[in-house]
Structure formats: structure tokens, C-alpha cells
Amino acid sequence: MNPINCQQARQMLDDAVKQAEDMGLNVCISVVDSGANLVAFLRMDKAFLGSTEVSQRKARTAVLFQCPTDVFGQVIEQEKLLGMDQIDGGLMAFGGGLPILVNGELIGAVGVSGATAKQDKAIATAAITALLAQLAS
């Protein structure tokens with residue numbers, strides 16, 4: 001499977017925005033490819049400026065460790081890996097970053113920031129679910 005492409009990433013942005021609007025939220029959304037390179041980004045009107053960088057770091061973290069960022073955070077806490085979140089220019093260890101897996105193969109990740117970690121994760125999940133449905137059809 002090829003890494004996520006621009007068209008797929010733009011569709012994910014649209015799906016994430018729709019979910020955020022349905023929830024009454026303004027967020028930043030980042031989509032990266034399997035090499036952690038930024039493919040697409042969108043900052044909704046009135047989203048926090050600081051959420052720009054956070055969403056990108058969530059997406060990068062999800063690719064680099066091939067797991068959701070909240071799971072990454074749990075491992076850091078359980079294993080007492082102090083400082084782990086500071087490597088590679090800063091990683092994110094709370095919810096909102098999810099890897100995109102197609103048939104078990106990593107093609108990229110999405111990071112959402114601007115709401116609670118649970119809400120960010122729900123928006124990211126909606127975007128991935130829509131992409132996977134599109135790829136399956």
C-alpha cells in the first residue's frame with residue numbers, strides 16, 4: 001500500500017472538519033504520510049493558534065511509534081520513561097493522534113488538537129473511519 005496521498009489527506013481534512021462542526025468545536029488537523037512528512041493541514045476558524053503545532057506533533061508521534069498518542073503516553077507513564085516526550089523535537093503523549101493502518105500497513109497518521117484529548121481523538125477517528133470506508137469501496 002502506498003503512503004497516504006494529497007487527495008486522501010484533503011478528504012480526511014473535510015471529514016474531520018465535518019465531525020468537529022457537528023461537535024461544535026474548532027480544531028487544527030494535520031495529516032502526515034508514513035515517513036512523518038506533513039501532507040495536509042487545516043486550522044479551523046477560531047481554533048487555538050497553539051493547536052497548530054500540537055496537531056502536527058500528534059500526527060508525527062503516531063507515525064513514529066505506530067500507535068495512538070494516548071497509548072504512547074500510557075507507556076511513558078507506566079515505564080517511567082521520563083523525558084521520552086522531549087525527543088525528536090517534542091512528541092505528544094495524550095489523545096488525538098492516530099496512525100492510519102490499511103490491512104495492517106502504516107500509510108500515515110492524523111493529529112487533531114483544539115478540544116479535549118477525548119474529543120480530538122473522536123475527530124481523528126471519524127476522519128480515519130471515512131477514509132477506510134472509501135478505500136474499501
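The model is a predicted one, in which local features need pLDDT of at least 70 and side-chain atom pairs count only at pLDDT 80 or more, while totals for chains, interfaces and linings use all residues. I note that residues are numbered from 1 along each chain as its sequence is written, and that side-chain values use heavy atoms, with hydrogens and water left out.

M1 lies in the segment before α1 (6–22), where helices (H or I, at least four residues) and strands (E, at least two) are DSSP runs numbered from the N terminus. Together with L132 and L135, M1 forms a nonpolar surface patch of about 230 Å² accessible area; for such a patch, residues need over 30% relative accessible area and no salt bridge, and nonpolar side chains (Val, Leu, Ile, Met, Phe, Trp, Tyr) are joined within 5 Å, like charges within 9 Å. A salt bridge here is a side-chain nitrogen of Lys or Arg within 4 Å of a carboxyl oxygen of Asp or Glu, and the areas come from the Shrake-Rupley method with a 1.4 Å probe, only the protein chains shown counting as cover for residues.

I then turned to the sheet, which is open, has four strands in the order β2-β1-β4-β3, and is paired antiparallel (two strands pair if DSSP finds at least two bridges between them). Its edge strands, β2 (38–43) and β3 (97–102), each pair on one side only. β1 (residues 28–33) and β2 are joined in the antiparallel sense over five bridges, and V31 stands opposite A40 in β2. Helix α1 packs on the sheet, touching β1, β2, β3 and β4 (105–113), and its direction makes about 25 degrees with that of β2; contact means heavy atoms within 4.5 Å, and axes are lines fitted to C-alpha atoms, for helices over the stretch in contact, with angles from 0 to 180 degrees between N-to-C directions. Helix α2 (residues 51–64) also packs on the sheet, and its direction makes about 155 degrees with that of β4.

I checked C28 as well, and its bridge partner in β2 is R43. In the hairpin of β1 and β2, with four residues between the strands, A36 takes a positive phi near 70 degrees.

Last, I looked up A47, in the loop between β2 and α2, which is buried at 3% relative accessible area and touches N26, V27 and C28, residues up to four places away in sequence not being counted.

Conventions: Buried < 20%, exposed > 50% of the residue type's maximum accessible area, 1.4 Å probe, protein only.
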